[in-house]
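Please open the model in your viewer and keep the selection panel at hand. The tour below moves from one selection to the next.

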Amino acid sequence: MINIQRLHELFIADPNAGCLICRKEFGRRKVGEIIKSSTRKNSYRLLLVDNKCISLHRALWLMCKGGIDNDLVVDHINGDSRDNRINNLRLCTKFENAANRRIHINNKSGLKGVYFDKTGSISKPWRAQIQFNGKKIRLGRHLTAEDAHKAYLKASEEIHGRFCRPD
């Protein structure tokens, strides 16, 4: 665990910009240098502080809001890992964080929670499913992908609440 006091020794947090400013020389970084998010999409900026690795968004949370329980993670509300403004961060469980993920890159239907089942019913080839507490919950067969997505969204709102993400 990284000491919050040590973070304050090394950096100044800018919660509105979602960045850290070096308070003193730190590794190859100079005083006043700004540490921003990674430029790569869905990539976290990592810092090495006293031989311990910490993500930029977690460091910002610690400096601006205080400690984090071991069973919680820092979630990006809008799903953009490059947006580390403090008002876009919140604490949640790993399950809640997973519910807030965007559509998976392998998804072929283009709709979260929906897939085409060519082995099943010809009249209702679209299936919807959701995951909760590590278990897949099937939400039935549907005539169209859109109908299956509606079933997914309804279940997601009930199960995931404020962590529900349609895309």
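Predicted model: local features only at pLDDT ≥ 70, side-chain atom pairs only at ≥ 80, totals over all residues.

Residues are numbered from 1 along each chain as its sequence is written, and side-chain values use heavy atoms, with hydrogens and water left out.

**Stop 1: the sheet β1-β2-β3**

Select residues 11-14 and 34-35, which are β1 and β3, the edge strands that each pair on one side only, in an open sheet of three strands with the order β1-β2-β3 and antiparallel pairing. Helices (H or I, at least four residues) and strands (E, at least two) are DSSP runs, numbered from the N terminus, and two strands pair if DSSP finds at least two bridges between them.

**Stop 2: the nonpolar cores**

Select Leu7, Phe11, Leu20, Ile35, Leu47, Val49 and Ile54, the residues with the most contacts inside the largest nonpolar core, which has 22 residues. Such a core is a set of buried Ala, Val, Leu, Ile, Met, Phe, Trp, Tyr and Cys residues joined through side-chain atoms within 4.5 Å; buried means under 20% relative accessible area, exposed over 50%, and partly exposed in between (1.4 Å probe, protein chains only). Helix α2 gives the most to this core, with six residues. Centre the view on phenylalanine 11 and, leaving aside residues up to four places away in sequence, look for its contacts, among them Ile21, Phe26 and Met63. A second, separate core of five residues includes Val114, Trp126, Ala145 and Ala148.

**Stop 3: the sheet β8-β9-β10**

Move on to residues 114-116 and 135-142, the edge strands β8 and β10 of an open, antiparallel sheet in the order β8-β9-β10. Neighbouring strands here are turned by 30° against each other on average, direction ignored. Strand β9, residues 126-132, pairs with β8 over three bridges, and helix α4 (residues 145-160) packs on this sheet, its direction making about 15° with that of β9.

**Stop 4: the aromatic pair**

Which two residues form an aromatic pair? Select phenylalanine 116 and tryptophan 126, whose rings are edge-to-face, 5.0 Å centre to centre with 70° between the planes. Rings of Phe, Tyr and Trp (its six-membered ring) pair if their centres lie within 6.5 Å, and planes under 30 degrees apart count as stacked, over 60 as edge-to-face and the rest as tilted. Phenylalanine 116 is partly exposed, with a relative accessible area of 47%.

**Stop 5**

Finish with cysteine 19, which is in no disulfide (a pair of cysteine sulfur atoms within 2.5 Å); the nearest cysteine sulfur, that of cysteine 64, is 10 Å away. Cysteine 19 is buried at 7% relative accessible area, and cysteine 22 is buried at 2%.

Definitions and conventions:
Axes fitted to C-alpha atoms, helices over the stretch in contact; angles between N-to-C directions. Contact = heavy atoms within 4.5 Å.
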